[in-house]
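Reader: Could you take me through a close look at one part of this model, the open sheet and what packs around it? I would like the criteria behind each term spelled out as you go.

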Amino acid sequence: MKRFLVVLVLILALVSVFGQSFERNKTLYWGGALWSPPSNWNPFTPWNAVAGTIGLVYEPLFLYDPLNDKFEPWLAEKGEWASDNEYVLTLRKGLRWQDGVPLTADDVAFTFEIAKKYTGISYSPVWNWLDRIERVDERTLKFIFSDPRYQEWKQMLINTPIVPKHIWENKTEEEVLQAANEYPVGSGPYYVESWADDRCVFKKNENWWGIRELGYNPKPERIVELRVLSNNVAVGMLMKGELDWSNFFLPGVPVLKKAYGIVTWYENAPYMLPANTAGIFVNVNKYPLSIPEFRRAMAYAINPEKIVTRAYENMVTAANPAGILPLPGYMKYYPKDVVDMYGFKYDPEMAKKILDELGFKDVNKDGFREDPNGKPFKLTIECPYGWTDWMVSIQSIAEDLVKVGINVEPKYPDYSKYADDLYGGKFDLILNNFTTGVSATIWSYFNGVFYPDAVESEYSYSGNFGKYANPEVETLLDELNRSNDDAKIKEVVAKLSEILLKDLPFIPLWYNGAWFQASEAVWTNWPTEKNPYAVPIGWNGWWQLTGIKTLFGIEAK
């Protein structure tokens with residue numbers, strides 16, 4: 001009977017609604033990162049590119065393993081600081097582009113130098129602190145820095161896709177920044193074979209340098225990245241074995257595991273690895289949110305455990321008060337003494353006490369507090385319409401704040417309005433996690449929370465959406481960025497955490513999940529807590545966080 005059911009699942013997969021004719025046990029169906037018809041594979045605009053463009057087609061110099069806090073040489077064989085301001089990079093032998101042309105130090109230098117020529121490229125600001133690049137030989141480069149920013153450089157080593165000079169060197173700035181770059185030529189284990197409105201198909205590069213140099217052999221002959229716009233459809237596909245690898249947020253995971261044997265990272269709750277810190281950015285320039293102690297009262301009033309249970313079925317965990325991700329590269333700097341002294345926890349009575357002491361009292365007995373002058377006020381908290389887990393979350397947050405007498409109403413604008421409100425600072429309270437994700441350095445978390453340039457910008461895309469201003473924070477962020485010593489980093493992290501916990505321009509609430517569910521109908525040996533060879537996420541920016549290694553470890557039935 002069991003064998004019959006397996007055969008039936010495979011047959012259903014072969015005649016799925018997608019009607020693919022590829023050999024099923026050589027094809028991986030993946031979803032959760034494609035939300036519009038595929039139309040862009042440009043490595044210079046990775047935020048617009050089809051997920052997998054960076055990672056499958058174009059590759060970085062290093063990977064970063066957040067589970068073990070280790071950098072893994074990739075295109076690079078090694079890289080090291082030869083002095084305080086000189087970084088020496090050595091490439092692997094035998095690197096080749098997918099068109100057969102050798103990949104050399106000239107390509108790496110070109111990748112960085114084109115960003116000096118065309119300042120619209122996202123990583124062009126590196127030239128504010130990088131002085132020059134010296135080519136030593138075909139495999140060796142020296143990066144000479146005028147102002148070495150060690151932490152930012154770590155991010156660049158894993159996030160900068162190396163591009164072929166012979167293809168891009170004669171292109172105009174408009175072509176570099178606006179081209180769709182159809183059928184891209186990279187150095188990676190897959191190339192783009194075809195696409196349609198509902199998918200992008202990547203085919204294995206049999207001549208990939210990594211097969212020979214790393215001993216990594218990608219198992220799927222093809223990866224079909226599917227565009228699935230409904231969670232319910234994705235659940236059905238996963239149950240039937242039509243979707244092998246899911247990076248969707250899917251409800252009902254505990255039931256799916258029990259009934260269909262779906263694989264998740266953890267066997268039991270919380271099921272998912274952490275992906276980022278979700279919390280509330282506060283408009284600190286609007287009264288009464290401009291009062292730090294008022295923000296502290298809100299932090300005490302909110303129960304994140306209720307959100308964890310109600311919105312996520314225990315697939316995530318509540319955050320520590322500082323919002324520092326529970327990963328080795330972050331927790332080694334965790335300032336426990338600071339958090340114990342200045343942190344907060346769910347305590348509505350403490351919230352009421354703080355509000356009373358501030359003079360916020362319910363004078364007219366309508367259930368809501370007035371300000372110390374007796375004036376009523378009303379706040380809103382928002383998230384995008386259709387983001388059901390976040391909608392439930394802000395409903396819960398509003399309920400908690402109302403219980404202590406703060407008049408707060410949830411708002412659910414469409415995503416475009418939400419984004420305009422977020423980046424423009426046009427909100428009271430807003431739920432977000434865009435700049436607090438897993439990275440190769442804890443600096444990126446605090447930069448996302450405090451990003452100083454947001455204060456003077458009409459729109460901020462890099463964090464600090466509530467436009468919190470503090471000159472000391474700016475100094476500390478610069479100090480952290482320029483630190484290459486663990487003891488010094490820990491000291492600065494403690495100071496930044498203290499400011500965050502005292503002023504709370506961002507209130508950390510929970511760790512959003514690195515959503516991963518997999519079917520074993522066709523592919524097995526998925527990465528899990530007990531078999532942690534990769535982080536099984538294929539979103540943009542996650543292939544470099546060892547997501548790519550998922551493709552080397554899975555096995556076809």
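**The open sheet and its surroundings**

Author: Strand β12 (residues 273-282) and strand β16 (residues 429-432) run antiparallel and are joined over 4 bridges, where strands are DSSP runs of E with at least two residues, helices are runs of H or I with at least four, and both are numbered from the N terminus; two strands count as paired if DSSP finds at least two bridges between them. Within this pair, Gly279 has Asn432 of β16 opposite. The model is a predicted one, in which local features need pLDDT of at least 70 and side-chain atom pairs count only at pLDDT 80 or more, while totals for chains, interfaces and linings use all residues. Residues are numbered from 1 along each chain as its sequence is written, and side-chain values use heavy atoms, with hydrogens and water left out.

The two strands belong to an open sheet of 6 strands with mixed pairing, in the order β13-β17-β12-β16-β14-β15. Its edges are formed by β13 (317-318) and β15 (408-411), and because each has a single partner strand, one side of each is left without a neighbour in the sheet.

Helix α15 (residues 388-403) lies across β12, β14 (379-382), β15, β16 and β17 (506-514), and its direction makes an angle of about 170 degrees with that of β15; axes here are lines fitted to C-alpha atoms, for helices over the stretch in contact, and angles run from 0 to 180 degrees between N-to-C directions. A further helix, α16 (residues 415-424), has as its buried residues Tyr418, Ala419, Asp421, Leu422, Tyr423 and Gly424, buried meaning under 20% relative accessible area, against over 50% for exposed and in between for partly exposed (1.4 Å probe, protein chains only). Among the elements that cover these buried residues are β14, α15 and β16, contact being heavy atoms within 4.5 Å. Just after α16, Gly425 adopts a positive phi of about 65 degrees.

Elsewhere in the model, strand β8 (residues 190-196) and strand β9 (residues 199-204) run antiparallel and are joined by 6 bridges, forming a hairpin with 2 residues between them.
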